[in-house]
Amino acid sequence: MRPQIVLFGDSITQKSFGSGGWGASLADIYSRKVDVVLRGYGGYNTRWALFLLHHIFPLEAAKPPAAVTVFFGANDAALLSGTGKRQHVPLEEYKENLRKIVQHIKKQSPEMLILLITPPPICLEGRREYARSLYGDKASSVPDRTSEEAGIYAEQCVSLAKELGLPSINLWSKMQETDGWQRKFLSDGLHLTPEGNAVVFKEVVKIFDKVGFSELPFDFPPNQEIDEENPGKTFLQQCSAV
């Protein structure tokens, strides 16, 4: 059975298996080595994610995942004054919810790699344009999110990772290293363009390959190694389950 990587998060994770998505790229680069399992839930915050833990990460699982990405915060950081107020989670609760998520997952396997990813920055004009495309003149003029607020939540995510000895990706900071990030990386001021997905993919692979994911063997022999005269011999030699 192949090792699994579980991608756990909100809509940025849910959309990651779309064309050019970072999850799809992970599945491609680790094909025949690792099964990448998508568990992304659009609109979810960390408060709601807690209710999913026993379903996605059952403690009685025979074989827990080898690695998990935890990618929440874009909805937690929604402003109380905006249209996303029902998704808002106070900053300290956000950090504690992330802690509870990590603690539960670690119960499956203390050796599991858990990677925390911060929310991305926000392009305010992109969010306004997106709202106008949906609601026209009825679109609210009050922002639902700001980059400054997302940055505060990103800081808490990175802080918790350091406290718990976990790797993290500060996507909020990383994306802003590039000029024109607002349009280059964000499709609607929040969700990712293919270029934005590529940033996440590159940073995730850096961390996964440090622990040897790229060096994992194929689950079954490459076709070039199969003896066409006696294929059963090849599988008997290389597949212990056969």
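# Report on a predicted fold

Thr 46 counts as buried because its relative accessibility is 0%; buried means under 20% relative accessible area, exposed over 50% and partly exposed in between (1.4 Å probe, protein chains only). This is a predicted model, in which local features need pLDDT of at least 70, side-chain atom pairs count only at pLDDT 80 or more, and totals for chains, interfaces and linings use all residues. Residues are numbered from 1 along each chain as its sequence is written, and side-chain values use heavy atoms, with hydrogens and water left out.

**Overall layout**

The protein has 242 residues, of which 47% count as buried. Its C-alpha trace spans about 70 × 35 × 30 Å along the principal axes. The protein contains 11 helices and 5 strands; helices (H or I, at least four residues) and strands (E, at least two) are DSSP runs, numbered from the N terminus. Among contacts (heavy atoms within 4.5 Å) between residues at least 6 apart in sequence, 78% join residues at least 24 apart.

**Thr 46 and Asp 76**

Thr 46 lies in helix H3, which covers residues 46–49. With neighbours within four places in sequence set aside, Thr 46 contacts Phe 72, Asp 76, Val 89, Tyr 94, Asn 97 and Leu 98.

One of these partners, Asp 76, sits in the loop between E3 and helix H5 (91–108). With a relative accessibility of 0%, Asp 76 counts as buried. Beyond four places in sequence, the contacts of Asp 76 are Asn 45, Thr 46, Arg 47, Gln 87, His 88, Val 89, Tyr 94 and Tyr 153. His 88 is 12 residues from Asp 76 along the chain, yet their C-alpha atoms are separated by 4.6 Å.

**Two nonpolar cores**

A nonpolar core is a set of buried Ala, Val, Leu, Ile, Met, Phe, Trp, Tyr and Cys residues joined through side-chain atoms within 4.5 Å. The largest one has 32 residues, and those touching the most other members are Ile 5, Trp 22, Leu 26, Tyr 30, Val 204, Phe 208 and Phe 213. Two or more residues each come from strand E1 (4–9), helix H2 (22–29), strand E3 (67–71), strand E4 (113–117), helix H8 (171–175) and H10. H10 gives the most to this core, with 6 residues.

Ile 5 touches Tyr 30, Val 34, Asp 35, Val 36, Val 37, Ala 67, Phe 208 and Phe 213, not counting residues up to four places away in sequence. A second, separate core of 26 residues includes Phe 72, Ile 114, Cys 157 and Leu 166.

The expected span of a helix is 1.5 Å times one less than its number of residues.

| Helix | Number of residues | Span between end C-alpha atoms | Expected span |
|---|---|---|---|
| H7 | 18 residues | 26 Å | 26 Å |

H7 runs over residues 147–164. Its buried residues are Ser 147, Ala 150, Gly 151, Tyr 153, Ala 154, Gln 156, Cys 157, Val 158, Leu 160 and Ala 161. What covers them includes H5, E4, strand E5 (168–169), H8 and helix H9 (181–184). Just after H7, Gly 165 takes a positive phi of about 70°.

**Two loop residues**

Arg 32 has a positive phi, near 70°, although Arg 32 is not a glycine. Most residues other than glycine have a negative phi. Arg 32 belongs to the loop between H2 and strand E2 (35–40) and is partly exposed, with a relative accessible area of 32%.

Thr 146 is in the loop between H6 and H7. Leaving aside neighbours within four places in sequence, Thr 146 contacts Leu 79 and Ile 122. Thr 146 and Gly 126 are 20 residues apart in sequence, and their C-alpha atoms are 11 Å apart.

**The largest pocket**

On a 1 Å grid over the protein atoms alone, a pocket is an open set of points where a 1.4 Å probe fits, with protein on both sides within 12 Å along at least five of seven lines; lining residues have an atom within 4 Å of a point. The largest pocket holds about 520 Å³ of space, a volume filled by probe spheres set on points joined across faces, edges and corners. It is lined by 24 residues, and Thr 83, Arg 127, Tyr 130, Asp 144 and Arg 145 are the closest to its centre. Helix H6 (residues 124–135) supplies the largest share of the lining, 7 residues. By class, the lining has 9 nonpolar, 9 polar and 6 charged residues.

Terms used: Ala, Val, Leu, Ile, Met, Phe, Trp, Tyr, Cys and Pro count as nonpolar, Asp, Glu, Lys and Arg as charged, and the others, Gly among them, as polar.
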